[in-house]
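Reader: I am new to protein structures. Please show me how to read one, feature by feature.

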Amino acid sequence: EDVNRVLIAGVPNCIIPYGVVKIAPHAFYYSSITNINFPDSIKEIGDSAFAHCESLTDVILPANCKLGYTTFAWCYKLANITLPTNLTEIKSYVFEQCCIESLVIPSKIKSISARAFGNIKTLKNVTFLTTVLPDSDNPETEVNEAIDVSAFYNTGHTDGLTINVPWSENDVLGAPWGAINATINYNYIEN
């Protein structure tokens, strides 16, 4: 048996070998994993693949990776997340009840579904990098249609949450998308 081709789930630290392109749904569900390294070959992480990994703290996702529903939901110690730069969709409950403090929404995002970032009581800052409306394939789509009204449901730090958006106030009538104690900085462009 080739030891280099064996992936062991349930260990605290995991290095997924290069060449793996998909992580199956529920692959690490309720695992005690604390740290994981994803190779650039990963293109998809299935539904609930890391849900309830209550010791997981940091995740850096490959640039071309897609995320399923509830992928990292209920990872109560997940504080640092780097979203894939080419991510176009954030599905429902992907980061529900994580403890993320700061979040950068990549420039290619076209939709954010219900409670994608729900119930995150530690979130202080969200910055959208795109300068176009999220659904750039359909210029008639309003931001309100591309970002679900509950995308940030019940989310926000007690000291406040700042959401930086590149759109005008008229474009984001649904903001803050369910967030609590939030301030929206309109027409924000990151340098």
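Author: Start with the word contact: two residues are in contact when heavy atoms lie within 4.5 Å. Keep in mind that this is a predicted model.

Reader: Is His157 buried or exposed?

Author: Buried means under 20% relative accessible area. His157 has 16%, so it is buried.

Reader: Next, confidence. What pLDDT does the protein chain average?

Author: The average is 86, and 85% of the residues score at least 70. Where pLDDT is low, the predicted coordinates should not be read in detail.

Reader: Where is confidence lowest, and where is it highest?

Author: Among the named elements of the protein chain, H1 has the lowest mean, 65, and S6 the highest, 97. Look at the start of the chain too. Over residues 1–6, pLDDT stays under 50. The model has 2 contacts beyond four places in sequence for that stretch.

Reader: Now charges. How many salt bridges does a search of the whole structure find?

Author: Side chains of opposite charge can pair when their charged atoms come close. The search finds 2 salt bridges here. One joins Glu44 and Lys22, with the closest N and O atoms 3.9 Å apart. Glu44 is in strand S4 (residues 44–45) and Lys22 in strand S2 (residues 22–23), so the pair ties together parts 22 residues apart in sequence. Both ends are partly exposed: Glu44 has 34% relative accessibility, and Lys22 has 45%.

Reader: How far apart are the closest N and O atoms of Arg115 and Glu96?

Author: They are 3.0 Å apart, in a salt bridge. This pair links distant parts of the chain, 19 residues apart. Arg115 is in the loop between strand S10 (111–112) and strand S11 (125–128). Glu96 is in the loop between strand S8 (89–90) and strand S9 (102–105). Check the surroundings as well. Arg115 is partly exposed at 22%, whereas Glu96 is buried at 2%.

Reader: What about the nonpolar side chains? How many residues has the largest nonpolar core?

Author: In soluble globular proteins, nonpolar side chains tend to be buried together. Here the largest nonpolar core has 50 residues. Those with the most contacts inside it include Phe38, Ile45, Phe72 and Trp177. S9, S11 and strand S12 (161–164) each supply at least two residues of this core.

Reader: Pick one for me. What does Phe38 touch, not counting residues up to four places away in sequence?

Author: Its partners include Ile16, Ile23, Ile45, Phe50 and Phe72. Val59, Ile60, Leu61 and Pro62 are also among them.

Reader: Several of those names are aromatic. How many aromatic pairs does the structure hold?

Author: It holds 10. To read a pair, check the ring centres and the angle between the planes; under 30 degrees counts as stacked. Phe28 and Phe50 have centres 4.8 Å apart and planes at 10°, so they are stacked. Phe28 lies in the loop between S2 and strand S3 (35–37), and Phe50 in the loop between S4 and strand S5 (58–60). Phe28 is buried at 3%, and Phe50 is buried at 0%.

Reader: At what angle are the planes of Phe152 and Trp177?

Author: Their planes are at 40° and their centres 6.3 Å apart, so this pair is tilted. Phe152 is in the loop between H1 and S12 and Trp177 in the loop between S12 and strand S13 (182–185), so the pair ties together parts 25 residues apart in sequence. Phe152 and Trp177 are buried. Both also belong to one aromatic cluster, with Phe28, Phe50 and Trp167 among its other members.

Reader: One last residue. Where is Cys75?

Author: Cys75 is in the loop between strand S6 (66–67) and strand S7 (80–82). At 0% relative accessibility, it counts as buried. Compare sequence with space: Cys75 and Glu54 are 21 residues apart in sequence, yet 4.6 Å apart from C-alpha to C-alpha. Cys75 also touches Cys53, Cys98 and Cys99, among others.

Technical notes
Residues are numbered from 1 along each chain as its sequence is written. This is a predicted model: local features need pLDDT of at least 70, side-chain atom pairs count only at pLDDT 80 or more; totals for chains, interfaces and linings use all residues. Side-chain values use heavy atoms; hydrogens and water are left out. A salt bridge is a side-chain nitrogen of Lys or Arg within 4 Å of a carboxyl oxygen of Asp or Glu. Helices (H or I, at least four residues) and strands (E, at least two) are DSSP runs, numbered from the N terminus. Buried means under 20% relative accessible area, exposed over 50%, partly exposed in between (1.4 Å probe, protein chains only). A nonpolar core is a set of buried Ala, Val, Leu, Ile, Met, Phe, Trp, Tyr and Cys residues joined through side-chain atoms within 4.5 Å. Rings of Phe, Tyr and Trp (its six-membered ring) pair if their centres lie within 6.5 Å; planes under 30 degrees apart count as stacked, over 60 as edge-to-face and the rest as tilted. pLDDT is the predictor's confidence in each residue, from 0 to 100.
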